[in-house]
Structures are given as C-alpha cells and as structure tokens.
Amino acid sequence: MRRIDGRTLRGPRTLRADVVIVGSGPAGAAAAREAARRGADVVVVEAGRFFEPADFPAPAFDAMALLYRDLSASVVVGPAPMPYVQGRMVGGSSPINGAICWRLPRDVHAAWVAADAALADALPWATLERVTDDLEARLGVAPTDPAIAGPKNQLMARGAEALGLAHRPIRRNVVGCEGLGRCLQGCPKGRKASVDVTLLADAEAAGARILSSVEITAVDVVRGRATGVRGRADGGGAVTVTAERVVLAASAVQTPALLMLSGLRQGPVGRNFQCHPGVSMAGRFPDPVRMWEGATQGHEVTGLRGEGLKFETLGFGPAILAARLPGAGRDLAARVSDLAHHLDWGVAVKAEARGRVRVWRGRPVVTFRPTRHDVARFRRGLRVLGEMMLAAGADHVLPGVRGGPTRTDRLADLEALERDGPRSARAFTAAITHMFGTCAMASDPRRGVVRPDFRHHAVDGLYVADSSVFPTNTGVNPQIPIMALATLCARRALGLPPDTP
Amino acid sequence: MRWTRAELRWRDALLEALLPPAGALPGLGDVDLTDFWPRFDAAAPRHLALGFRAAVTLEAAVLPWLCGHLRTLPRLTPDERDAVLRRADRLPLFRDLLEVAKVVGCLALFADPAVQAAVRARP
C-alpha cells in the first residue's frame, strides 16, 4: 500500500525505508521524487491529510479550518505581531498558495556564493537551471492566460504601465485554469499543478510510500547518526520510521523546532529567520472589479525588485477582503456592501531583519522585529501601490495605515505617507509569507546548521531540504527554488554529486 | 472555557454593531451563527480564541464606559454602538482587538452561503 492514512492507525506502527522525508510540501515532494526515481525506498511523513479537489470548500473559514495550520492565525511575536500562513495537508502549502513561480534569481545565488565560496560547487548554477527547467516543465509553469486574468490583474498592468514600472503576467503552475480565484482555498477543479498531484505522484509511481496525518515529534539519533523519526498518528498510534537517511522538509518554522525538540541544538538552529513581510492596500474602482474572480494572483510588478519590493495582485475571497477594509460599524458595512468595487494589491518586502524560531511548550514560537529600513519599504511600497491604483482609475485608495489617511485620492497624500508616515511597524497591517534561513547552509558550523551538501553539521545521515537552508531570503516567491534545492539535497542524501544527470 | 451568558450577549452585540445591515447585505445580527461558533471553537488556536474573548470583553463591556456610557454595548442604541466602535478605532489596544473581532466577524458573516451568494451574485 502506497498511502497510509494516520487517522486509521490506532496502535503502534513501524516502517523501514532507505530515506524518510518529514514534510510533503514543495521541498519534501521534490526530494521524494528525486530519491524514489533514483531507486531509493522512500517514506514521506506528513502531519496533514490528503484532500481531493471536491473536498476544497468555498467559504474562507471552512478552508482555513480544514487546510491551514492554526486556522491561518499563526503569529510572529514582536513589536508588530504578524500572521504567517502555512498549509497543513499533503502537499504542504502548495495546494493553497497563489501558484506563483519564480526561478532562483541569479543575483541571489551570486550573493550566497559571495558569502560562502563552497556554495559555488554545492549549488552549481548550471545544475540549478537544468533542475529548474525540469521542474517547470513538470508543473506546467506558464504566464497567466490573459483570457482568465480578470479586472484586478488587468488593472495592475494598466497602473504599472502608466507609472513606467516593469510588469508582467505572473508565471504560475496551473494547467487549464478557469480563473475561479480559488487558489488559496484549493482549486475545486484540480487545475493547479501543486506538488501533491505532480511531484508526489511521481514519487508514488516510483514506489514512495506516503504516511499522512502523522505528526513527527522527534528525530532519533544513535552515536551521532540519525536512525529514523518518531511521532504520533491522528488515530492515536505511535509511529516509528527507521531509515538510513532522514531528510527534514517541514518548513523554516517546523524544521528547526523539530531539531530542537529532538535535542539537536548545535549551531545557529532557529536563528537567522528571514522572510518577506507584505503589506497591502485596498482601492475602490468605479466599475465592479470583483476581486474574487479571475486568476487568483495573475500579475506582478518587478520594476522595483532592486529596492526589495515586489508587487502582486491578491486573490482573497469576500470574507478576507472585507476584513481588510478599514473602519467598523456602519462605515465598514457600507464598504462591504460595495465589495465588488474594491480590490486589494500587495507588496512583498525583502526584509533585512532577522528573527528567530524557538520552542515553547513543545510548539514553535517565531520572534521577528522589522528594521527601520523594512518599515521604510512598507511606506514606499504602499505609496507605489496607491499610485498604481489611482493611475489605473481608482476613485480612491484605502492605505490601511494607522496614523495615515483612511482614504485618499491625492498623490500628495501618498507621497507624504512615504516621507512622513509612521516609523513603527505596528502602524501597518502586515502578513508574512516565505520563510527562510533557520537551518542555514554554511561551511562554518558556527554560521550554519547544515553543510553545503545539506548534511547536518553534527549528525550523520540527517539532511535538511526546505527553505530553512537558504542562506538568505530571495525577494521572490520561492516554491520553485525550494524544489530545486531539495532535488539537489536528495542527490546528496543518496551519495550522488549535485550535477548527477 | 465556556463563555458566560453575559459574554455571549456582549459578543452578539459587538458583532451586530461591527457589521450592521447595509444595502443588500445582511448584518451579522441577521445571520444564524449557531453552526459557526462550535466550528470556530474547534478550529481556532488558543491565542486567537483568547484574543477574540478579550476583544469581546473590552469592546463591549469596558469601552462603552470609557466613552461615558454607564452601560455595556447590548444596552446602547444603534447610534451609540456605532459611535463607540468609531472611538475604538482611535485607541491603541482597543483598535488592535477590534481588528481581531473584525476578522472573526467577517469569517462568520461569509460562512453563511446566502451571504456568499448575495455578494458574489452579478447584478
């Protein structure tokens, strides 16, 4: 049996494999595919369960309760608490993300190599490009089809064009998208080429077993060597998987927490937490824009990526859009009754701040404090968002900044927001996506948790495949680079060089 | 921990005031949330559940007093409730907690299929 549902496991269960992979998101799926296709006996363990497209609910609350970790309300602790979003299902966040695909930017790779020359051989650029080509072909990555883009994406193109900013349809891993705008709740038509139906399916076809609804709580280590993992199934049974190689792919929050819970506190585990905090702005347009229709996230502005800013259309359903509008009481109700005319665009910031993941009462706690430069980027990003919206024809914009104007149609107000706006991150409603760096890859064990070959500095047979190993944040959506690096991780775990054909 | 009867009254009054009916959109007071609350209690992480409860207590029982009313939110007129919430938007702690209540309220409102249909319907 290739799939084992942990909800049915009421008694103890032990499995044996060559490679056990903890986590089935982009990293775990890519590592499983690579290892299984190269002949290894692979077991993937996932805390969430399998879902089929017919299971994906339309109301935001049902989707968040069913598919997201902690109802999508996990929060970083700090002067400006911000939610961070993680999926909890087979496929990780892939079935519920915006399907945005970027290749690892060359400048980010160059910065990694400049900081640690060993990474040039460990992560050869040409190999990464070849692996990425293969992944993109498998995932059907292509620019958003204008026929299903919808007004919110077309308006961003118009606004960016008017401001002279480089922009483009977002490249997404969808095949036959109908523009239902439901990516964040799981595509009910099954059109997203998420890793559960692509890379994991390939792994299963090559013999990998998938153990769902099992939360791994410890990595077993004997005399400096990883021997497997232990956890508990949702059905109540204790689960043990013994393996020659243990690959952690549970995310930049869960992976360091699992290491710490296992007593593996060597190196800067949990430190160097990096992310892309994002802020958004709403705008009201004279014609209905129906934000919940069209490609969920179909257009982006790349012209200010050098400043650490990347702008995207957003694709919330009505509930989340309503909650993000300013005001309360009759003011809010009036805006909500006019919801079809409102939309929300976001800007993701390549933050320079570093946070930390710790464990408290058995659960990860993330602390993060944006720097003043990060807050300046929030202000700058919001100004540009507002200018794009007004250039695209918005009646007015709703900046959503405490201490700033509630609504405005004046460019001067937006300029003042950037120049004189709040210096405290608390004034902004921000959310975190894309987390990195908490088990960073480095030659020096004082600076990294894993070696350049993804192997733990202190424990043989233990590898980390997810974005924890990224030395820095990327400034772009990282799912494809995560898959690419995880593919190389799997090769290393099998004792193969990274450029093995 | 179970909510007291007073807390339930405060919760319902806060949500009614937060999203009253407007245009074709029903208010939170018009929607049957009987099915929503057990699902929310089951799904909400502890910090969100506590935050929402704190929001209900402070916004519905404390804030009206700070605004000069010697009554809690359920005993205020619709105009008074609206004025109290506008005030909350300008007070740091109350503003943060109001955001928590807003998120829960919007999720609750749009969990109702009839509301979803009303908003998504094309004119």
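Biologist: Quick one on chain B: are B:F36 and B:W37 buried or exposed?
Modeller: Both B:F36 and B:W37 are buried, a term that stands for under 20% relative accessible area with a 1.4 Å probe and protein chains only. This is a predicted model in which local features need pLDDT of at least 70 and side-chain atom pairs pLDDT 80 or more, while totals for chains, interfaces and linings use all residues. Residues are numbered from 1 along each chain as its sequence is written, chains are lettered from A and ligands numbered from 1 in the order written, and side-chain values use heavy atoms, without hydrogens and water.

Biologist: And how many aromatic pairs are there over all chains?
Modeller: The count comes to 12, where Phe, Tyr or Trp rings (the six-membered one for Trp) pair if their centres lie within 6.5 Å, and planes under 30 degrees apart are stacked, over 60 edge-to-face and the rest tilted. One of them joins B:W3 and B:F52, a tilted pair at 5.8 Å centre to centre with 45° between the planes. That pair links distant parts of the chain, since B:W3 sits in the segment before α1 (5-18) of chain B and B:F52 in helix α3 of chain B, 49 residues apart; helices here are DSSP runs of H or I with at least four residues, numbered from the N terminus.

Biologist: Where do B:W3 and B:F52 sit, buried or exposed?
Modeller: Both B:W3 and B:F52 are buried. As for B:F36 and B:W37, their ring centres are 5.1 Å apart with the planes at 75°, so that pair is edge-to-face.

Biologist: Which residues form the aromatic cluster?
Modeller: One cluster is formed by B:W3, B:F36, B:W37, B:F40 and B:F52 together with A:F61 from chain A.

Biologist: Last topic, why is α8 of chain A largely enclosed?
Modeller: In helix α8 (residues 254-261) of chain A, 7 of the 8 residues are buried, so the rest of the structure largely encloses the helix. Among the buried residues are A:Q254, A:P256 and A:M260, and the helix is followed by A:G263, whose phi is positive, near 80°.

Notes
Helices (H or I, at least four residues) and strands (E, at least two) are DSSP runs, numbered from the N terminus. Buried means under 20% relative accessible area, exposed over 50%, partly exposed in between (1.4 Å probe, protein chains only).
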